[in-house]
Amino acid sequence: MGRTLTIALLGASLALAGCGGQSPRAVSAPLPAVTPPSSAPRAKPAPAAEPAMHIPGLAGVIGARADRLLEQFGTPRIDLKEGSARKLQFAGPPCVLDIFLYPPDGGGEPVATHVEARRASDGQAVDRGQCVSALRKN
């Protein structure tokens with residue numbers, strides 16, 4: 001019983017010690033900014049054979065430059081750049097479309113190499129080609 005009481009008192013002492021005000025460092029030094037995890041792609045070379053290239057309904061998207069995508073879908077909700085990579089996100093009531101652009105192997109302007117789509121209401125994955133059709137303006 002004495003050992004249990006000692007452990008309980010030690011635990012209570014440590015818990016109370018944590019409540020005893022702020023340390024001088026916490027008061028005088030600002031905390032570093034916390035950046036939320038980015039869903040933007042990391043800068044890397046374009047994949048050699050992206051499976052999305054063969055999905056029906058992605059013609060005119062895969063391999064397109066950003067200017068062509070903007071013509072098709074309008075102003076993106078999100079336009080993120082990280083290094084030479086870029087992510088464009090287009091959204092409407094039926095779905096959210098993320099298009100990832102990377103520079104070609106030989107260099108040059110980034111082109112769309114991968115597409116992801118999800119329902120706007122609950123985030124569940126949807127058919128990428130159908131989402132492209134639903135959001136395409138022309």
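Arg68 and Glu71 sit 3 residues apart in helix α3, which means about one helical turn separates them. Helices here are DSSP runs of H or I with at least four residues, strands are runs of E with at least two, and both are numbered from the N terminus. Arg68 and Glu71 form a salt bridge, with the closest N and O atoms 3.3 Å apart. By salt bridge I mean a side-chain nitrogen of Lys or Arg within 4 Å of a carboxyl oxygen of Asp or Glu. Arg68 is partly exposed, at 36% relative accessibility. For burial, the cut-offs in relative accessible area are under 20% for buried, over 50% for exposed, and partly exposed in between, with a 1.4 Å probe and protein chains only.

Before going on, this is a predicted model: local features need pLDDT of at least 70, side-chain atom pairs count only at pLDDT 80 or more, and totals for chains, interfaces and linings use all residues. Residues are numbered from 1 along each chain as its sequence is written, and side-chain values use heavy atoms, leaving out hydrogens and water.

How many salt bridges does the whole structure have? The search finds 7. One of them joins Glu109 to Arg65, at 3.5 Å between the closest N and O atoms. Glu109 is in the loop between β3 and β4, and Arg65 is in the loop between α2 and α3, so this pair ties together parts 44 residues apart in sequence. Glu109 is partly exposed at 44%, and Arg65 is partly exposed at 39%. Arg65 and Glu109 also belong to a salt-bridge network with Asp67.

Another salt bridge pairs Arg86 with Asp79, at 2.6 Å from N to O. Arg86 counts as buried at 18%, whereas Asp79 is partly exposed at 37%.

Next, strand β3, where Asp98 lies. Asp98 is buried, with a relative accessible area of 2%. Its side chain makes a polar contact with the side chain of Gln89 at 2.7 Å, and another with that of Arg118 at 2.5 Å. A polar contact is a pair of N or O atoms within 3.5 Å; within protein, one must be able to donate a hydrogen and the other to accept it, and residues adjacent in sequence count only if both atoms are side-chain atoms.

Last, the cysteines. There is 1 disulfide, meaning a pair of cysteine sulfur atoms within 2.5 Å. Cys95 and Cys131 form it, at 2.1 Å from S to S. Cys95 is in strand β3 and Cys131 in helix α4, 36 residues apart. The S-S torsion is about 100 degrees, so the disulfide is right-handed. Cys95 is buried at 3%, and Cys131 is buried at 2%.
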